[in-house]
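This briefing concerns helix packing, the chain interface, salt bridges and backbone geometry. The sequence and structure come first.

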Amino acid sequence: MSDATAPTQPIEVRFRGGGFAPKARRWVGLFVFVFLIGITEIGTRQGWISSLTLPKPSDVLATFGELWESGLLFKHLIPSLSRLAVGAAIGASIGIAVGIMIGLFSYVRAGMVPLVAAIFPIPKIALLPLFVIWFGIDEASKYALIAFGTFTPTVVATYGAVDNVDRSLIRMGQSFGLSWLSIVRKIVLPGAMPGILSGLRISLAIAIILLVAAEMLGAEYGIGAYILEAGSLYDLERLFAGVVILSLLGVILSTVIGFIERRLLGWRA
Amino acid sequence: MDIRLDAISHSYGDTEVLRDISLDIPNGKIVCFVGPSGCGKSTLLRLIGGLERATKGRVLQLGTPPEGCLNPLTYVFQDFALLPWRSVHGNISLVLEDHGIKGAQADTIIADVLARTKLSDFSKALPRQLSGGMKQRVAIARALAVKPAVMLMDEPLSALDSQTRELLMDDLVALWTRQSFTAAYVTHNLAEAVRLGHRIVVLSRRPGEVREIVEIDMPLADRSHGNTKLEQTQKHLWDMMRDEARAADEELLDV
Ligand SMILES: Nc1ncnc2c1ncn2[C@@H]1O[C@H](COP(=O)(O)OP(=O)(O)OP(=O)(O)O)[C@@H](O)[C@H]1O
Ligand SMILES: [Mg+2]
C-alpha cells in the first residue's frame, strides 16, 4: 500500500479461526499420569528424589497389591463407597430439588438464597462433632456430613442453571397451554441439565473430601481411616496407596459424569 | 372464531406503549400489523394471546373455536423457540402430549403437519441440524398441529434471508389456500404485508395507535410479484411509515 510502484507479493491469509472447541483426546490424560509417575520412579531410583520426600511408585504399587491380596482393600473400600453413595445421593438430590424451587418460586428464593450463602462458607468438617451429637457416632453422622457438604454447591449450581434457562422457551410452553408441571419437567429441567451436571462434578469432589474427613474422625474401616493410620506411622507407601485410591475414585466419578453428559446432552454438540 | 380488540391501552410503568386500539381479526383472514420499531407490535400480540394483561381494555373471542382445536391462540415466534434437546418430531409431540394425544394418534398428526410443511424427511433431526428456514417451518408445523383458531405470528420470517423468506411466503400462501386459517401477523416488511395480508393495520409511533387500516381484497393466490396495484398499496404504506419514523426522529431531536 505504502509503495504503489513495487509489485506486491500475494500473501496467503493467515488462519486465525479454530480452537475454543475441546475435543475428546483420550490418551493425553493417561500420558500425563504416566509421565509424572515415570519421572518420580526414575528420580527415587536414582536418588535425586530422596525417599523421605516421596515413596517409590513401584513400592506404592506393591503396597496396593498387598492390600488387594489380603482382602483389606475391599474391607476399606466398600464402607467408604457406600458412605459416599448414600451421602452424596441425599445431598445432591435435596440440593437439586431446593435449587429448582429457588429457581421457580420467589419466596423460596428470598428465603433460601441468603441461608445458602450463610451455610456455604462454613467448613463442614468443623460441624462433625455437632453431627455426631445429632446423629450418633455411626454411619448416620457420616452420611449427614457428606450430604450437607454436597448440598450447598449443588443448590447454587442448580438455581443458577434454572435462571439461565431460555425464558422464550418457557413462554412458548405457556403459549401452547402446557401445564406447569410439564413446563418444569420438559423445558426447565432439560434446559438446566448442563449447569446441574457441571455443578455435580464439583459437589462430588467435595463429597470425597468430606468422606475422608469423616472417616478420619471415627471409623474402623474406610479409606480415610486407612490413610490416617498410615499417616500417623509415617508409612508413606500406604499413605500414597490410600491417596491413589481417592484419586482413582475422583477420576471414575468424573468419567461417569462425562458419560452421563454425553448421553443426556448429546443435543448440544 | 373472530378476535375483537376492545379499546386496548397498555403501559410499562410510565411508558405508554399502546393507546386505545380497537379492531377485529375476522375468521379466516390474515391481519398484518406494521409500524415503526418500538411502537408496541410485539406487545399487542402478547396481549392478544394472553401472555400479558392489558392495562386497559379487553381482548374478546367471538364465537367458538373450530372442532378439534387444542390451543385456540397459537404463536409462531420470531426466534422459532424450538427445544434444542428434542427432535423435530419431539418438538411437535411436546404440544400434543399435554392434551393426552400420544402414540399412533400423535404420529398421524405429526406426519400430516410435517407433510404440509415439507419436512417429512427431517422428523428425526435435531434443531441444530436444520437451517433457519427449516426451523421456522418446524415452528409453523408445531403451530398447525394444535389446530389453532388464530395464529399469532411475530415477525416469523425476519430471521431469515430474503430468498428463504420468499419461499416461506409462498408456503404460507399455499397453506392458507388449502385450508384458510386466521392470523395476526406482525412484520417490518411491507412486501410481506401486502403479500399475505387481507387487512393491514398501520400503527403510529409509540404510543401505538391505529393510524390506518388498509383492506386488500385481491385473493392471496393472485398476488404475484410486480403487481401494480399491490405496489401502489405498498408505496402508500411506506409513505405513512416514513412519516412516522421521521416524526419519531424529530421528537428525539426536540428532547
Ligand atoms: N417487558 C417490558 N417492560 C418494559 N418495557 C417494555 C417491555 N416490553 C416492551 N417494552 C417497551 O415497549 C415498547 C414497545 O415494545 P415492542 O417490543 O412491543 O415493540 P415492537 O413494535 O414489537 O418493536 P420491534 O418492531 O422493534 O419489534 C418499547 O419501547 C419497549 O421498550
Ligand atoms: Mg417486536
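Contact means heavy atoms within 4.5 Å. Helices (H or I, at least four residues) and strands (E, at least two) are DSSP runs, numbered from the N terminus. The model is predicted: local features need pLDDT of at least 70, side-chain atom pairs count only at pLDDT 80 or more, and totals for chains, interfaces and linings use all residues. Residues are numbered from 1 along each chain as its sequence is written, chains are lettered from A and ligands numbered from 1 in the order in which they are written, and side-chain values use heavy atoms, with hydrogens and water left out.

- Two packed helices are described by the angle between their axes and the distance between the axes.
- Axes are lines fitted to C-alpha atoms, for helices over the stretch in contact, and angles run from 0 to 180 degrees between N-to-C directions.
- Helix H9 (residues 223-232) of chain A packs on helix H10 (residues 236-264) of chain A at an angle of about 155°, with the axes 8 Å apart. H9(A) is therefore roughly antiparallel to H10(A), given that angles under 35 degrees count as roughly parallel, over 145 as roughly antiparallel, 65 to 115 as roughly perpendicular and the rest as oblique.
- The crossing of H9(A) and H10(A) is left-handed; a crossing is left-handed if the near helix is turned anticlockwise from the far one by less than a right angle, and right-handed if clockwise.
- From H9(A), A:Ile223, A:Tyr226, A:Ile227, A:Glu229, A:Ala230 and A:Gly231 meet A:Arg238, A:Leu239, A:Ala241, A:Gly242, A:Val243, A:Ile245 and A:Leu246 of H10(A). By class, the residues of this contact are nine nonpolar, two polar and two charged (Ala, Val, Leu, Ile, Met, Phe, Trp, Tyr, Cys and Pro count as nonpolar, Asp, Glu, Lys and Arg as charged, and the others, Gly among them, as polar).
- The axes of helix H6 (residues 139-163) of chain A and helix H8 (residues 180-216) of chain A come within 7 Å and cross at roughly 155°. H6(A) is therefore roughly antiparallel to H8(A).
- H6(A) and H8(A) cross in a right-handed sense. Their contact has 15 nonpolar, seven polar and one charged residues.

**Helix packing in chain B**

- Helix H2 (residues 88-97) of chain B and H3(B) pack at about 120°, their axes being 10 Å apart. H2(B) is therefore oblique to H3(B).
- H2(B) and H3(B) form a right-handed crossing. B:Val88, B:His89, B:Ile92, B:Ser93 and B:Leu96 of H2(B) make the contact with B:Ala106, B:Asp107, B:Ile109, B:Ile110, B:Val113 and B:Leu114 of H3(B).
- Eight nonpolar, two polar and one charged residues make up the contact of H2(B) with H3(B).

**Interface of chain B and chain A**

- The contact takes 23 residues from chain B and 19 residues from chain A.
- About 1,700 Å² is buried between the two chains, and carbon and sulfur atoms give 67% of that area. Buried area is the accessible area (1.4 Å probe) that two parts lose on being put together, summed over both.
- In chain B, B:Trp85, B:Asp98 and B:Arg128 lose the most area to chain A, together 35% of what that side buries.

**Salt bridges**

- A salt bridge is a side-chain nitrogen of Lys or Arg within 4 Å of a carboxyl oxygen of Asp or Glu.
- The rule gives 23 salt bridges over all chains and two across the interface of chain B and chain A.
- A:Lys186 forms a salt bridge with B:Asp98, with the closest N and O atoms 3.4 Å apart.
- A:Glu215 forms a salt bridge with A:Arg83, with the closest N and O atoms 2.6 Å apart. This pair links distant parts of the chain, A:Glu215 in helix H8 of chain A and A:Arg83 in helix H3 (residues 72-104) of chain A, 132 residues apart.

**Backbone geometry in chain B**

- Most residues other than glycine have a negative phi, and most peptide bonds are trans.
- A cis peptide bond joins B:Arg206 and B:Pro207, with omega about -5°. B:Pro207 lies in the loop between strand E8 (199-203) and strand E9 (210-215) of chain B.
- B:Lys118, a residue other than glycine, has a positive phi near 60°. B:Lys118 lies in the loop between helix H3 (103-116) and helix H4 (132-145) of chain B.
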